[in-house]
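Subject: Structure handover

Hello,

Here is the structure I said I would pass on. My notes follow below it.

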Amino acid sequence: ETVVNRIAAGEVIQRPANAVKEMIENCLDAGSTCITVSLKSGGLKLLQISDNGHGIRKEDMEIVCERFTTSKLKEFDDLKSIATFGFRGEALASISHVAHLTITTRTKDSKCAYKASYLDSKLKGAVRPTAGNIGTQITVEDLFYNVPTRRKAFKSASEEHQKIADVMTRFVYALHNSGKSFTLRKMDQDVSAGVSVRTQLGSTHVTNIGTLFGSNVGKEVIQVDHFDPQLHLKINGYVTNANCSIKRFLFLLFINNRLVECTVLKKALDSLYQTYLPKGGHPFVYLSLEMPANNLDVNVHPTKHEVHFLHEGTVVESVEKQVEAALLSCDS
Ligand code: ADP
Ligand code: MG
């Protein structure tokens with residue numbers, strides 16, 4: 001049974017960056033405004049995430065790592081929405097099958113923090129009182145220690161570190177959560193005090209896009225802000241106009257505040273821009289879509305983050321129309 005669990009867990013958590021994404025989303029779900037990730041060997045040796053969110057109650061500590069245990073059920077009326085929003089109660093369970101997991105957490109009603117370790121989704125030992133601030137700190141050690149083939153597949157710790165940096169600081173989470181603070185710390189021995197990269201962005205997206213992606217991009221982004229009543233689809237974001245072309249298509253897509261991939265939409269927007277941009281040029285597109293869960297197709301692999309829409313053609317067309325309007329709204 002453990003082997004089966006381990007294989008399933010390896011599907012959910014394929015590399016340190018997956019674990020970080022899942023855990024950052026948990027921090028954000030808990031209302032955190034300040035998130036710090038510390039890494040040793042690109043997260044393979046140590047991966048620690050601290051937040052200032054609402055914490056986990058002591059009585060829930062026993063079960064947080066059990067599969068399909070989620071505290072987020074009550075916010076949604078049906079299972080389908082839960083799956084769609086990525087609340088499957090699988091992340092911590094999976095991590096506990098392929099790493100040593102320790103949680104220290106404190107809620108605002110608690111006089112002290114509590115600490116517990118987990119193995120194969122079960123509490124290991126007791127939940128012990130300890131000192132700590134309000135919020136949660138999750139420590140993942142020796143990722144894939146029991147899956148040697150997977151472990152060996154990681155050739156370069158710095159590549160893993162970079163993947164995490166991309167997902168967290170340079171890119172998407174910091175931008176989408178403008179105003180919140182994200183810090184990435186490299187804790188390897190060669191850097192005795194640790195090296196921190198902090199991304200505390202301002203409150204305006206335009207400035208932040210300039211900071212993260214270059215001032216040329218920042219200067220030429222146009223806001224998209226539209227509601228499609230037929231599809232109950234909110235389309236928000238920033239896209240470059242026909243004055244700005246970059247080397248590589250940067251497409252950042254959030255659906256219902258989850259970072260996802262959507263190849264169909266990506267292709268449609270790429271070819272839309274090809275009509276207007278000089279040959280070899282690409283756009284910057286950051287979109288945040290909000291829609292009822294029942295317009296999303298949940299029958300896709302939950303961890304690949306590839307999303308399909310019901311009525312896909314209509315949704316893509318609606319988004320395309322808004323982006324085209326923005327793309328054409330430059331003066332030259
Ligand atoms: P899910 O997010 O789908 O509920 P997870 O396995 O990611 O499942 O997390 C399990 C549960 O652990 C969550 O429902 C939440 O109650 C708790 N949890 C995990 N991380 C945090 C955190 N950073 N702050 C507060 N609670 C957390
Ligand atoms: Mg989660």
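**Helix α8**

Just after α8, Gly214 has a positive phi of about 110°. Helices here are DSSP runs of H or I with at least four residues, strands are runs of E with at least two, and both are numbered from the N terminus. Helix α8 spans residues 205–213, and its buried residues include His205, Asn208, Ile209 and Phe213. They lie on the same side of α8, because they cover an arc of only 105° around the axis; the arc is that of the directions from the helix axis to the C-beta atoms. Buried means that 20 or more other C-beta atoms lie within 10 Å of the residue's own, exposed means 12 or fewer, and partly exposed is in between, with C-beta atoms placed from the backbone.

Before the rest, some conventions. This is a predicted model, in which local features need pLDDT of at least 70 and side-chain atom pairs count only at pLDDT 80 or more, while totals for chains, interfaces and linings use all residues. Residues are numbered from 1 along each chain as its sequence is written, and chains are lettered from A and ligands numbered from 1 in the order in which they are written.

**The chain overall**

The protein chain has eleven helices and 15 strands. Of its 332 residues, 37% count as buried. Among contacts in the protein chain with a separation of 6 or more, 67% come from residues 24 or more positions apart; a contact means C-beta atoms, placed from the backbone, within 7 Å.

**Around ligand 1**

Ligand 1 is surrounded by 20 residues, and the closest are Asn26, Ala30, Thr70, Ser71 and Ala91. A residue counts as near if its C-beta atom, placed from the backbone, lies within 6 Å. The elements giving two or more residues to this shell are α2 (16–29) and α4 (91–98). By class, the shell has eight nonpolar, seven polar and five charged residues. Ala, Val, Leu, Ile, Met, Phe, Trp, Tyr, Cys and Pro count as nonpolar, Asp, Glu, Lys and Arg as charged, and the others, Gly among them, as polar.

Strand β4 (residues 113–119) is largely enclosed by the rest of the structure, because five of its seven residues are buried. β4 pairs with β3 (residues 100–106) in the antiparallel sense over five bridges; two strands pair if DSSP finds at least two bridges between them. Thr102 is opposite Ser117 in β4, and six residues lie between β3 and β4 in their hairpin. On to β5 (residues 122–130): six bridges join this strand to β4, and the two run antiparallel. Tyr114 has Pro129 in β5 as its bridge partner. The hairpin of β4 and β5 has two residues between the strands, and Asp120 there takes a positive phi near 45°.

**The five-stranded sheet**

An open sheet of five strands runs in the order β9-β10-β13-β11-β12, with mixed pairing. β9 (221–228) and β12 (258–260) are at the edges with a single partner strand each, so one side of each has no neighbour in the sheet. From one strand to the next, the twist averages 20°. β9 and β10 (residues 233–240) pair antiparallel over eight bridges, with His226 opposite Ile235 in β10. β10 and β13 are also antiparallel, over six bridges, whereas β11 (residues 250–255) and β13 run parallel, joined by six bridges. Five of the seven residues of β13 are buried.

Regards

Terms used:
Axes are lines fitted to C-alpha atoms, for helices over the stretch in contact, and angles run from 0 to 180 degrees between N-to-C directions. Two residues are in contact if their C-beta atoms, placed from the backbone, lie within 7 Å.
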